[in-house]
Amino acid sequence: MNYLIYPIKIMNITQTYENDFSHSRHTVGTPKDYPIDDNCGESGANGYFYCPCDEVVVKKIYGVGTSSTNVLWLESTTKVIAPTFNDYVTIMVGHIEDSELKKLSVGQKFKRKEAIAIEGRDGYATGEHFHIVVGKGKFAGSGWVKNTNDIWVINTTGGSVKPEDAFFIDNTFTTIKNSAGLNFLDLYIPDIEDEEEYYYTTANSLNIRLGPGTNYNAINTLPKNSRIKVIEFVNNWARISDKEYVAGNFVTKTIPNNYYETKHTTAQFLNVRSKPAGTILKVKAPLPKGTTVAIMEEKNGWIKIDTNRWIYADYVN
Ligand SMILES: [Zn+2]
């Protein structure tokens, strides 16, 4: 699954987009962006920026051999799944030294978790770190644009996005030393089989979202009276799998007269159709692997998962 994950092994965010003036002035102009600094755990050039999705391509390298701060632009080669969007992603990385950037070339590609460059202090940085800015969508124009505050901000087809709305934390890869108060979502959670409890949904077409809030991407819906396991409640959102949440106001432990069992999808991406073998729906579809689906009805190898929503039956378990 092409989840977008945090690109550094030891997260030690030293400045968020709110903390210091050089960053916070990015968040008030038009357009705006949301820079963070991460020094990869401690001072010194000891951490790498890794490819955070299945594949990225180097789009632009700026500043090498000049007094300007070096900037590297990376773009995903396919759409990624982020907590709040499902699109291409473009990332600007600042302060990497000339010596590192000279090893890279535009068009060069990297695979997930492959090291791209070591942190640096090129420009006005007081210590080695990465200055990271994220944009939804593809690289646009020259990769950045001067905003109404005379600040260069990232330029992408989908606009800038806060890092915690873009990156999941793969806790098999990244250790959090300091998130500086930013609320990142974990991609995986420990096995909690013993504490599972059944709940039942009470709303029609209840959205399943990738995080505990309406700002997070909705990936599927559950019909009323779907039986789900709730792992925990987070701010009145019920976590029903490692990265799926439904609104806590619409679940109950009261067992309805009839309920639908739920299962999980097994295909990398599973199309949702309007009827068996019908038109492929574009809304909240296709379903990423592991999506919770209700089993309302099975017919000729197709499963009805909600009103006018059908999937191929071979790809659930
Ligand atoms: Zn910075």
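What percentage of the 317 residues in the protein chain is buried? Buried residues account for 41% of the chain, where a residue is called buried if 20 or more other C-beta atoms, placed from the backbone, lie within 10 Å of its own, exposed if 12 or fewer do, and partly exposed in between. The model is a predicted one, in which local features need pLDDT of at least 70 and side-chain atom pairs count only at pLDDT 80 or more, while totals for chains, interfaces and linings use all residues. Residue numbers start from 1 along each chain as its sequence is written.

Turning to the overall fold, the protein chain contains three helices and 32 strands, both being DSSP runs numbered from the N terminus (helices H or I, at least four residues; strands E, at least two). Its radius of gyration, taken over C-alpha atoms, is 21 Å, close to the 20 Å of the globule rule for 317 residues, so the chain is as compact as a globular protein of that length; the rule is 2.2 Å times the number of residues to the power 0.38. The C-alpha trace spans about 70 × 35 × 35 Å along its principal axes.

An automatic or database assignment sets the domain bounds, giving domain 1 (10-186) and domain 2 (193-315). Their centres, taken over C-alpha atoms, are separated by 33 Å. Six residues of domain 1 contact seven residues of domain 2, a contact being a pair of C-beta atoms, placed from the backbone, within 7 Å.

The largest nonpolar core has 48 residues, of which Leu 4, Leu 72, Val 89 and Val 93 touch the most other members. Such a core is a set of buried Ala, Val, Leu, Ile, Met, Phe, Trp, Tyr and Cys residues joined through C-beta atoms within 7 Å. Beyond its neighbours within four places in sequence, Leu 4 is in contact with residues including Pro 52, Val 89 and Phe 167. Another core, of 26 residues, lies apart from it and has Tyr 216, Ile 231, Tyr 260 and Val 293 among its members.

His 131 is placed in strand β11 (residues 130-136) and is buried, because 22 other C-beta atoms lie within 10 Å. Not counting residues up to four places away in sequence, His 131 touches Pro 35, Asp 37, Gly 94 and His 95.

Finally, an open antiparallel sheet is formed by three strands in the order β21-β18-β25, with pairing requiring at least two DSSP bridges between two strands. Strand β18 (residues 197-201) pairs with β21 over four bridges, and Tyr 198 stands opposite Lys 229 in β21.

Terms used: Contact = placed C-beta atoms within 7 Å.
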